[in-house]
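Please keep the structure open while reading.

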Amino acid sequence: MSNTLDLARQKLTLALDVPDLNAAQEIAGLVAPHVGRIKLGTVILEANGTPQVIEAMHRIGVLNVFVDLKWHNTPDVVAKTVASVTRMNVGMINVHALGGVKMMRAAKDAAMQTWEEAGRNVRCPLVIAVTILTSQDYDDLAEIGVVPLFEHNGPDAIEIKKHKMEALVVSLARAAQKAGLDGAVASVHEALPIRNACGPKFRIVTPGIRPAGADKTDQKRLDTPANAIKAESDELVVGSPIYKDPNPAEAAERIVREIAEALGTHCGCEKTPA
């Protein structure tokens, strides 16, 4: 059981979306032994500065940092940004798949080149692509013209929209793989189709994970840790159910046990994050 728990911890990523750096360090220090990565996004990085936050995390022994800034810009700008963050010695970064294959390829090339230039004395971060945010559904995308308006109101309308969303997300994941990226960010609902399309080595990072009874906040395409494991997600991202808990370490460990239980009944997805 201990090996399964260790694997479950490696599959859990804490999304540390708190603006106060001191509070973030305290939570990170408590939770780090229970998770594989700590994800830092705009909430904390823009309030305190990306280099400063990463350095603060390294000082307390948190080394496997996921920089979640979802870059979406010209290939040249994204390449320069990725190179800069790679020098900060982080484990994972992401870009938007909607930026296109050229932009994604530039991001991966920049990470690899910077790693080589640094004499491999920093980590070469995994570069992954965000497909569609879990706070968005088909109707949200139709509202801004990303997908056609869907006016069919029959009993099968919801399922048809889900299938169309799935096709879009899988297409974006395939584009990320074509660009040489290490994986993609997608909801549980698209994880298994991505696995089938992109194969066993393509990393699937799944946000929108909530243990039973947790607040949904602004997310729409949510699911449980157990269903994420069944869908062959490699990494499960959980935020407020952990960092808002009075005892974040215990909250993380409860989710670890949910993951471990699911791993015990589901074989074939037990890959340890890099």
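**Core, barrel and loops**

The largest nonpolar core of this predicted model has 81 residues, and Leu16 and Met104 are those with the most contacts inside it. Helix H8 gives the most to this core, with eight residues. Apart from this core lies another one, of nine residues, including Ala15, Phe66, Leu126 and Val130. In soluble globular proteins, nonpolar side chains tend to be buried together.

Neighbours within four places in sequence left aside, methionine 104 is in contact with Val95, His96, Ala97, Ala129, Ala175, Ala176, Ala179 and Leu181.

The strands come next. Eight of them form a closed barrel in the order E1-E2-E3-E4-E5-E6-E7-E8, paired in parallel. On average, and with direction ignored, neighbouring strands of this sheet are turned by 25° against each other. Helix H5, residues 75-86, packs on the sheet and touches strand E3 (65-71) and strand E4 (92-96). The direction of H5 makes about 165° with that of E3.

Two strand pairs can be followed in detail. E3 and E4 run parallel and are joined by three bridges; tryptophan 71 has valine 95 of E4 as its bridge partner. Further along, strand E6 (residues 183-185) pairs with strand E7 (residues 203-206), again in the parallel sense and over three bridges. Here glycine 183 has arginine 203 of E7 as its bridge partner.

How enclosed is E4? Five of the five residues of E4 are buried, so E4 is largely enclosed by the rest of the structure. Both faces of the strand are covered: Met92, Asn94 and His96 are buried on one side, and Ile93 and Val95 on the other.

The loop between H5 and E4 holds asparagine 89. Asparagine 89 has a positive phi of about 65° although it is not a glycine, and its relative accessibility of 26% makes it partly exposed. A second case is arginine 120, in the loop between helix H6 (101-117) and strand E5 (126-130). Arginine 120 is not a glycine either, yet has a positive phi of about 60°. These two cases stand out because most residues other than glycine have a negative phi.

Helix H9, residues 188-198, has Val188, Glu190, Ala191, Pro193, Ile194, Arg195 and Cys198 as its buried residues. These buried residues pack against helix H8 (157-178), E7 and helix H10 (225-230). Just after H9, glycine 199 takes a positive phi of about 90°.

With a disulfide taken as a pair of cysteine sulfur atoms within 2.5 Å, the count comes to zero. Cysteine 124 is in no disulfide, as the nearest cysteine sulfur, that of cysteine 198, is 20 Å away. Cysteine 124 counts as partly exposed because its relative accessibility is 24%, whereas cysteine 198, at 8%, counts as buried.

Last comes the confidence of the prediction. The protein averages a pLDDT of 92, and 93% of the residues score at least 70. Over residues 268-273, however, pLDDT stays under 50. The model has 22 contacts beyond four places in sequence for this stretch. Where pLDDT is low, the predicted coordinates should not be read in detail.

Terms used: Residues are numbered from 1 along each chain as its sequence is written. This is a predicted model: local features need pLDDT of at least 70, side-chain atom pairs count only at pLDDT 80 or more; totals for chains, interfaces and linings use all residues. Side-chain values use heavy atoms; hydrogens and water are left out. Two strands pair if DSSP finds at least two bridges between them. Helices (H or I, at least four residues) and strands (E, at least two) are DSSP runs, numbered from the N terminus. Axes are lines fitted to C-alpha atoms, for helices over the stretch in contact, and angles run from 0 to 180 degrees between N-to-C directions. Contact means heavy atoms within 4.5 Å. Buried means under 20% relative accessible area, exposed over 50%, partly exposed in between (1.4 Å probe, protein chains only). pLDDT is the predictor's confidence in each residue, from 0 to 100. A nonpolar core is a set of buried Ala, Val, Leu, Ile, Met, Phe, Trp, Tyr and Cys residues joined through side-chain atoms within 4.5 Å.
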